[in-house]
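Please open the model in your viewer and keep the selection panel at hand, as this tour goes from one selection to the next.

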Amino acid sequence: MKILVTGGAGFIGSGVIRYIINNTQDSVVNLDKLTYAGNLESVACVSDSARYAFEQVDICNPSELKRVFAEHQPDAVMHLAAESHVDRSIDGPAEFIHTNILGTYHLLEAARAYWSQLEAERKAAFRFHHISTDEVYGDLPHPADSVELKDKTLNTQHSQLNTKDLPLFTETTAYAPSSPYSASKASSDHLVRAWLRTYGFPTLITNCSNNYGPYHFPEKLIPLVILNALEGKPLPIYGKGDQIRDWLYIEDHARALYKVVTEGKIGETYNIGGHNEKTNLEVVQTICTILDELVPLKTQHSTLITHVSDRPGHDRRYAIDASKIAKELNWQPNETFESGIRKTVQWYLDNQQWCKNVQDGSYQRQRLGTSVEL
Ligand SMILES: NC(=O)c1ccc[n+]([C@@H]2O[C@H](COP(=O)([O-])OP(=O)(O)OC[C@H]3O[C@@H](n4cnc5c(N)ncnc54)[C@H](O)[C@@H]3O)[C@@H](O)[C@H]2O)c1
C-alpha cells in the first residue's frame, strides 16, 4: 500500500516514515512544507529507498494537493502536518489557525475528491487517519489539588505523585482545549468527524500524549534541556515544574499509528499514551542524573535548573487511558520512561551535528537550495 504522510519531515511524521520503510513493504509519500520544524535530515536514513518520495507542498494549497493525489494515487493518508508548539501558538496564533484548521480542511477536501472517484475496491479500502493530541481534552485533576497536598510544595518523586485514583482521558472525554494550539487541533478533529458523518469519508482519529525521543526539534522541553545542559546553560522550568505529562517514546507512537491506519475501524478514535505520568521537574531531574553519569561536570547538572514564570493557561495534568487501543488493536508501549529517556539522552549526545543543522537549516539549504523557509 502507498501512504501519503503529511508533516513527514517533522518529529513524529519522520518517525512514522522511518517505521514504515524499515518495518513494512509499504511505500510513503512525504508531503511537507518544510517550515522551521521540518527537517529532511530526519528521514535521510530512508530517503534513498525506492519506496520513498518527497513533495514540498503546503497543505493550504488546494491545487498542489490535487496534483499530489493524482500523481501518487495513495491508498491512505496519515495527517501529521501542523504547527505544534504551544508557546508559539500563544505568541502568534494566526499560523495555527491557518495550518491546523484551514490546512486540514483543504487536505480533507482534496482527499475526498480523490477518494470519491476511486473504483469500488480501492475506495472501500481507503483510510484518512488524522493524528491529534490529548491536549484537546484540556486538563485533569492534579494530585496537588487534594486537601493534604494543597499547601505543600509537590514532592517530585513519582511514588509521591499518587495519581492512581485520579481520572484519565478516555475517547469520550469532552473537549475543553486551553491554548490556541489545542483549540486549533480540536477544531481539526471536529472537521474530520464531520467529514465522516456528512460524506461517509473513511476517517480515523488518534489522540496522543506527549512524545519524546530522537529527532525532536530542540525547542521542546526534553531536547532543549539536554542541549542546554551540555552547554552549561540554564534549564528553564515553567513555574514549580509540577505540571504532569504522560510521556510516550516516539517509536512506540509510530508503531501505534501504523496499527491504527492498517487495522483500525473507520470512524473510531483511539487514545495513545505511555502510562508514564511525570512532573516536568521530575523529567528534567532524570535527564540531569543521566547526564551526570554520561558527561560528568564538577557540579551536578541539576544546579542549572531555573524556574521561570509559568505559561499562561498552562494545563496542569494530562494522562491517557490507552486501554481501548491495547484491547482492540493489541498495542502496548515497549519502552518505559526510564529506558526511553536514557536512549534519548544518548541520541542527543551522539547527534549534536543534527541539532546544529536543524537549528540553522544547513542540511535543507544544501539539499534544496536557499528558498526553504526557515
Ligand atoms: N509532539 C507531540 O508530543 C505530539 C503529541 C500528540 C500529537 N501530536 C500531533 O502530531 C503531529 C505531529 O507533531 P510533531 O511533534 O511531529 O510536529 P512538528 O512540529 O515536529 O512537525 C510538523 C511538521 O509539519 C510540517 N508542516 C507545518 N505546516 C505545514 C503546512 N502548512 N503544510 C505542510 N506541512 C506543514 C512541518 O514542516 C513539520 O515537518 C501534529 O499534528 C501534532 O499536533 C504531537
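**Around the ligand**

Begin with Lys-185, where a polar side-chain atom lies 2.6 Å from an oxygen atom of the ligand, a polar contact in the sense of a pair of N or O atoms within 3.5 Å. The model is predicted, with local features needing pLDDT of at least 70 and side-chain atom pairs counting only at pLDDT 80 or more, while totals for chains, interfaces and linings use all residues. Residues are numbered from 1 along each chain as its sequence is written, and side-chain values use heavy atoms, with hydrogens and water left out.

Select Ser-84 next, which places a polar side-chain atom 2.7 Å from an oxygen atom of the ligand, and then Ile-59, where a backbone N or O atom lies 2.9 Å from a nitrogen atom of the ligand. Taken alone, the ligand exposes 840 Å², of which the protein buries 96% (accessible areas by the Shrake-Rupley method with a 1.4 Å probe).

Now widen the selection to the 28 residues that surround the ligand, each with a heavy atom within 4 Å of it. They divide into 13 nonpolar, 11 polar and 4 charged. Which element gives the most to this shell? Colour β5 to see it, as β5 gives 3 residues.

**Two helices**

Finally, select helix α2 (residues 62-72) and helix α4 (residues 94-116), whose axes come within 9 Å and cross at roughly 35°; the axes are lines fitted to C-alpha atoms over the stretch in contact, with angles running from 0 to 180 degrees between N-to-C directions. Show the side chains of Pro-62, Leu-65 and Phe-69 of α2, which make the contact with residues of α4 including His-106 and Tyr-114, where contact means heavy atoms within 4.5 Å.

Conventions:
Polar contact = N/O pair within 3.5 Å; in protein donor to acceptor, adjacent residues only side chain to side chain. Helix = DSSP H or I, 4+ residues; strand = E, 2+ residues; numbered from the N terminus. Nonpolar A, V, L, I, M, F, W, Y, C, P; charged D, E, K, R; others polar.
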